[in-house]
Amino acid sequence: MSLISLYRVELRRMFLSRRIWVGALCGILTPLLGVIGNETLPSVSSRYIANPVLTATAVSAMLWAVLIILEASRLHRSGVYLLTDAASSPRALSAARMAAAMTVTAAVSILCAIVYLPYTAVKMEYLFDPVFYAANYLIFMLLTGWISVLFADTFYQITRRVELSVILYALLAYFNFSGYAQNDYFMRWLYPYVIVYSDGFQSWWFLRIGFYTRLMWLCIALASWMFSLLCVRKYEKNAAVSLIRGMRRVYLPVLTVCFAVLGAGLWKYQPFIDHETDSEVNNRMIDTPTTNASAIRYFLTAEPVTGRLSGRAEYDLKEPYTGEDKLYLNPGYRVSRMSYGGKEIAFRTVDDDNAGVRSTYFTIPEKKEGTLVIEFGGLPQLRKTHAPYIIAAFIDWESIQLGMRSAAPMLNYACRDGAEVEITIPGSLTPYLNDLPMTEYVECENGMKTWKCRTQEDAIYNFVAGAYETDTFTASDTNIHFVYGKAYEQAVRQYDINQAVKDVFAYCSRHYGALGLTQDQTMRLQQVTAMLMGGHAREGYLEWFETVLSPITLADADKGASATEVFIHEMIHQWWGGYGLVCSEEGSNLWSEEGITVYATYRLVKEKYGELYAKQYYVDNWRKTVEMQERNFYNRHPEYLEHLPEKYQTQLSMENESTNWYDRMPLMILKAEKLVGGEENMDKIMRKMYADRGDYAQIGFTYVDFLDYCGLSESDLELTPKDYMTGEEDAGV
């Protein structure tokens, strides 16, 4: 029989198999495991796409591995292989069985995506993107399923033992979850590594590296499977003899070597993480004098489809340094051409990646006036020592982040007039260069825009572009430029977020003092992608994370009684926590910025909506939650806690931490308010705390510091039943 005929027979047989149908049903249910217990994920895309897909990827892949081992052993368990081997080549039958298994795996993966699409769309609301959603299932679940069945079939064809095959596969699966592979994008063959997805500034970076690693492991799996075909038993010989006989089929060892070399090459020459060495050469600039340039120009083009950057840097020099000079670029970039005064000059790039840079050496031959031109490009790479946690540079359709050596070469050149910059990006994005908005642009024919500006600095320190909207208004005598992702426009309008910003600025400035980040009474509040895993502030500029406006955050009852009040809570963090007063827990899980912020939110809401509203939705909830905590058996008898399984101990610890931050601590501050003489005196104390925040910038503001400011002792703020039990005396409201 031909291979196609065998494939049709095997596919029909699998679709008639009860075992396969049970496996398919279980595979469709696997995303539910990722939906359960994902409350801690920071974005809706992570919660409703990444976690279900990745969980389904790992569980269904292991499920299919067991099924393919059982399917491969079916003929040998029944003895029917004696007949089938006479009718067709056992290698052809194995290939047909594998093709059929891969078809069934693909069908189940696609069906999973279809089944969970309505649920995901409803949960993600205005942030749902069907293309991004489908790509996750196809890249992760489908390709990993193929890799898994190839490895499983490999083990069985070599060993011809079901139990041994399962053990070998289990060891390979364990490797994925071991400490050796835990934080490595390329080792995680079964459960791909994804830190966080952005909701409003969607990035395909994780999908790019996910597809690359799936392709790499697919080549490795195919190489192992091709090798296993050499071991297919024939004439009742053992594996070793079968291997020798199989070598006569020249195409099999050739394909095995080709796939193995391709997989190893993809591993060794991957373009996403720098190939850092142990050398310390690049930790400092080359010891050459600073060269003054009369003008510096940068021309950059971002390619969102591939994630690559191409650019040209020009330096007008009057007295160039004629010794060997050195420039630094992101390790993913290569210099393609250099010229001075219109004549090409030689250069050499050294593969000594270190500290996130790669160095290129060059020499300007003559000390005469001219223009140094450097042409470069490539895919920005992450630092090996920072991966996988810091995604510092990336280019996508909806978000671009470049900085320092990821935007332009770094040389020991200076220009007092700054630099001229032209950068071409997708027309839907709004760019910010060195934290300032770019305003002048030229339309391009392909839907791109070329933005132009002159920077005050002679280098590109930070370039950010996103699908932004900007609202301008006045809050507490400060001109606010409220910059947020277009994906969140519906939420901003629905919950009147602009008014919430005004309320926060008015209240906090009046009660605690000005935010202290502006002198010209103008401030830009800019939302940034969750992928940055960090932010910064300077005079007149403050970053805030996109998750503040996500449906998850706006529905968090611990932070407020409504979505607007949750946003108010997050904005108040600019005074208490973040860039304001930073608290120190001192090894406990009680004292944090969250408690102060919850109390401040309560006070603002009380002023805005009245005492009864604030008591009902804040104080009463605090007291009810603390009372439940006090009634918990294991909190009252901690000596029994150690007898619980570790996961239950961890769960109780997390619940206590949340209660302490969001309920107990604000209730304690409320008690302190009563003891110091009321709200007015507490406001004076908190104003002084905020004014003195610089003194605690390095060490953190502790609970003891708070007690000292209030003139109280720890025993004064210990909560008694009358402070928290429902129906007891009101706790100072």
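1. In the hairpin formed by β15 and β16, four residues lie between the strands, and G447 adopts a positive phi near 80 degrees. Strands here are DSSP runs of E with at least two residues, helices are runs of H or I with at least four residues, and both are numbered from the N terminus. Please keep in mind that this is a predicted model, in which local features need pLDDT of at least 70 and side-chain atom pairs count only at pLDDT 80 or more, while totals for chains, interfaces and linings use all residues. Residues are numbered from 1 along each chain as its sequence is written, and side-chain values use heavy atoms, with hydrogens and water left out.

2. Strand β15 (residues 440–443) is joined to β16 by four bridges, and the two run antiparallel; strands are said to pair if DSSP finds at least two bridges between them. Strand β16 (residues 448–455) also pairs in the antiparallel sense with strand β12 (residues 419–426), over eight bridges.

3. D396 sits in the loop between β9 (394–395) and β10 (399–402). Is D396 buried or exposed? With a relative accessible area of 1%, D396 is buried, where buried means under 20% relative accessible area, exposed means over 50%, and partly exposed covers what is in between (1.4 Å probe, protein chains only). Leaving aside residues up to four places away in sequence, D396 touches Q202, S203, W204, W205, R208, P304 and L429, a contact being heavy atoms within 4.5 Å. A polar atom of the D396 side chain lies 3.2 Å from the backbone nitrogen of W204.

4. On the surface, I110, L111, I114, V115 and L138 form a nonpolar patch with about 420 Å² of accessible area together. Such a patch joins nonpolar side chains (Val, Leu, Ile, Met, Phe, Trp, Tyr) within 5 Å, from residues with over 30% relative accessible area and no salt bridge. Helix α6 (residues 90–115) gives the most to this patch, with four residues. I114 lies in helix α6, and I114 counts as exposed because its relative accessibility is 54%.

5. N632 is found in the loop between α18 (611–631) and α19 (633–636), and N632 counts as partly exposed because its relative accessibility is 24%. N632 and A514 are 118 residues apart in sequence, and their C-alpha atoms are 42 Å apart in space.

Key: Polar contact = N/O pair within 3.5 Å; in protein donor to acceptor, adjacent residues only side chain to side chain. Patch = residues over 30% accessible without salt bridge, like charges linked within 9 Å, V, L, I, M, F, W, Y side chains within 5 Å. Areas by Shrake-Rupley, 256 points an atom, 1.4 Å probe, with all protein chains shown as cover. Salt bridge = Lys/Arg side-chain N within 4 Å of Asp/Glu carboxyl O.
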